[in-house]
Amino acid sequence: MTVMQLGLIGLGKMGGNMRERIRRAGHTVIGYDRDPDLSDVASLAELADTLEAPRVVWVMVPAGAPTQSVIDELAGLLDAGDVVVDGGNSRWTDDEKHAAELAEKGIGFVDCGVSGGVHGLANGYALMYGGEAEHVAKVQPVLDALKPEGDFGAVHAGKVGAGHFAKMVHNGIEYAMMQAYAEGWELLEAVDSVTDVREIFRSWREGTVIRSWLLDLAVNALDEDEHLEKLRGFAQDSGEGRWTVEAAIDNSVPLPAITASLFARFASRQEDSPQMKMIAALRNQFGGHAVEAAGPSAPR
């Protein structure tokens, strides 16, 4: 095994666990975070000075302006032959921009979509990366340390941007899968003849074509709160869900299930849906169907 040094920027829940997994594989990780209690060094400049050339620096910060700021600073600190990896959830078009900016200094760039969440430390992380083969090769020992054991869980997806594009599509599929489980759960809960929805979900974990890790997690959630009564029906969406739908439009690819699951999350944020008000009004107008008056505390 080739032992290497890595600079890791961003030591939150994901980055901190990644640092630990890489260290357990025998590599040296020098981490930087704005929180001094998490950081191994005081600044990005100290991080760059501490690493031996050729340097590999892995960025795990929020997409957009935070990532751009770090890339800009690294461009002034690193040298030709070094490599920057963006392991956050950046848009693939940003990857192309960052690669071009760093290439002007002779610095390589690899984009890497990372999946695994809080379970990645123990189970490994699914990795989807894009970039030139020579740049990927410099990062390969770390990729091997992060991936799950076995033959699967990591892929060189293609050119710069391909890694984050693959991760984006992965998250779009995840949206649709979660929506399908949620809709099935709600329907089962609504039927009087069904007396134990949790055990139905548990039974599906073996022998069915819909078994998955998401199903396992759903059962875990139902074990903690059988009817999910402690939760509010509100679900945030990541930028990747929106980007997936935008990419589908740009490429004329129909994504009805993924698009519907994204819109379902939008609907979850409306305690008193304006659309449903219009539908109720129309049903009353053409069919005389009853409508419910808004209560004194209902949102207007």
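A: Strand E4 (residues 83–86) pairs with strand E5 in the parallel sense over four bridges, where strands are DSSP runs of E with at least two residues, helices are runs of H or I with at least four, both numbered from the N terminus, and pairing requires that DSSP finds at least two bridges between two strands. Within this pair, Val83 stands opposite Gly108 of E5. The model is a predicted one, in which local features need pLDDT of at least 70 and side-chain atom pairs count only at pLDDT 80 or more, while totals for chains, interfaces and linings use all residues. Residues are numbered from 1 along each chain as its sequence is written, and side-chain values use heavy atoms, with hydrogens and water left out.

E4 and E5 also belong, together with helix H4 (residues 92–103), to a right-handed β-α-β unit; right-handed means that, with the strands pointing away from the viewer, the path from the first strand over the helix to the second runs clockwise. E5 pairs with strand E6 (residues 126–130) as well, here in the antiparallel sense and over five bridges, and Tyr129 of E6 is the bridge partner of Cys112.

As to burial, eight of the eight residues of E5 (residues 108–115) are buried, so the strand is largely enclosed by the rest of the structure; buried means under 20% relative accessible area, exposed over 50% and partly exposed in between, with a 1.4 Å probe and protein chains only. In a regular strand, side chains alternate between the two faces of the sheet. Gly108, Val110, Cys112 and Val114 point one way from E5, whereas Phe109, Asp111, Gly113 and Ser115 point the other way, and all are buried.
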